[in-house]
Amino acid sequence: MELIDIGVNLAHDSFDHDRDAVMERARDAGVGRMVVTGASREGSPKALALARAHPGVLFATAGVHPHHASEYTDECHAELLELHAHPEVVAVGECGLDYFRDFSPRPAQRKAFERQLEIAAGNGKPLFLHQRDAHDDFMGVMCEFEGRIGPAVVHCFTGTREELFAYLDRDWHVGITGWLCDERRGLHLRELVRHVPANRLMVETDSPYLLPRTVRPQPSHRRNEPMYLPHIVEELARDRGEDPARTAAATTATAEAFFRLPARG
Ligand SMILES: [Zn+2]
């Protein structure tokens, strides 16, 4: 099994003391490549630095998460443009809307989202998107850019059937995390994931968040790691009624094409 974790917050400070060991455990588990999420003004350059230090293994996104939309100034925009000049930055984002937490005011969220879509329209890179409890406004903003932006993935998909089909109808991709393994709030996903075509489906841990609740034994520290991605793939494969090797191969091929990753030497 050779997997790609398309969403790992490897620059997070909870990995500062053992990041190399985390990467080694991931590799031993078959997670050969990871896309490090850049989600803030502070975190995006760190994600790029990690990708540059581990060529061919780590790649980065550069963006500002809706939680941090208040920090999206003209200087921040210029910094993102600079980060996107580097080939290791393979996607624009994490960006989008989050009306569940509302950590930044909604108008600021929409503005930061639009400005990042402008970046994607300018450089043609794929989009790494976040949407929570903001479906209508999210679709509204995305529709303004229809025909001007490249491929898009709605990462950590946790939404409804209607939301899923709205995305698939527009040819967008979805990322599935260990949310699937949460018997309290992820049960509906068990049925929905059958409807995602293999060429629109990718997998991610969202480490250090979202430790899959079905991992045994549960680590005492509760920190998620990319080495748990095969567990998510096994659960996903069971729900899709397919062999895990098939799910693994398909999600890897889809991620390679989506992020335009260089061929492995
Ligand atoms: Zn997110």
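Good morning. Please keep in mind throughout that the model is predicted.

Eight strands make up an open sheet, paired in the parallel sense and ordered 1-2-3-4-5-6-7-8. The edges are taken by strand 1, residues 3–8, and strand 8, residues 201–203; each has a single partner strand, so one side of each lacks a neighbour in the sheet. From one strand to the next, the twist averages 30°. As an example of the pairing, strand 2 (residues 31–36) and strand 3 (residues 58–62) are joined in parallel over three bridges. Opposite Val36 one finds Ala60 of strand 3.

I turn now to the metal. Which residues coordinate the zinc ion? They are Glu94 through OE, His130 through ND1 and His155 through NE2, at 2.0 to 2.1 Å. Along the chain, these donors follow the spacing E-x35-H-x24-H. The two histidines link distant parts of the chain: His130 belongs to strand 5 (residues 127–132), whereas His155 sits in the loop between strand 6 (152–154) and helix 6 (161–169), 25 residues apart. Both His130 and His155 are buried.

The last topic is the salt bridges, of which the structure holds 24. In one of them, Asp18 is paired with Arg223, with 3.0 Å between the closest N and O atoms. Asp18 is in the loop between strand 1 and helix 1 (19–28), and Arg223 is in the loop between strand 8 and helix 8 (229–240); the bridge therefore ties together parts that are 205 residues apart in sequence. Asp18 has a relative accessible area of 16% and is buried; Arg223, at 10%, also counts as buried.

A further salt bridge joins the side chains of Arg190 and Asp239, at 2.8 Å from N to O. Because Arg190 lies in helix 7 (residues 187–192) and Asp239 in helix 8, this pair ties together parts that are 49 residues apart in sequence. Arg190 is buried at 17% relative accessible area, and Asp239 is buried at 9%.

Within helix 8, what separates Arg238 from Glu235? The two are three residues apart, which means about one helical turn. Their side chains meet in a salt bridge at 3.7 Å, N to O. Arg238 is exposed, with 56% relative accessible area, while Glu235 is buried at 9% relative accessibility.

Finally, salt bridges with shared partners join Asp182, Glu183, Arg184, Arg185 and Arg213 into one network. Thank you.

Notes: Residues are numbered from 1 along each chain as its sequence is written. This is a predicted model: local features need pLDDT of at least 70, side-chain atom pairs count only at pLDDT 80 or more; totals for chains, interfaces and linings use all residues. Side-chain values use heavy atoms; hydrogens and water are left out. Two strands pair if DSSP finds at least two bridges between them. Helices (H or I, at least four residues) and strands (E, at least two) are DSSP runs, numbered from the N terminus. Axes are lines fitted to C-alpha atoms, for helices over the stretch in contact, and angles run from 0 to 180 degrees between N-to-C directions. Donors are N, O and S atoms within 2.8 Å of the metal (3.2 Å for Na, K and Ca); water is not among the atoms, so sites may look incomplete. Buried means under 20% relative accessible area, exposed over 50%, partly exposed in between (1.4 Å probe, protein chains only). A salt bridge is a side-chain nitrogen of Lys or Arg within 4 Å of a carboxyl oxygen of Asp or Glu.
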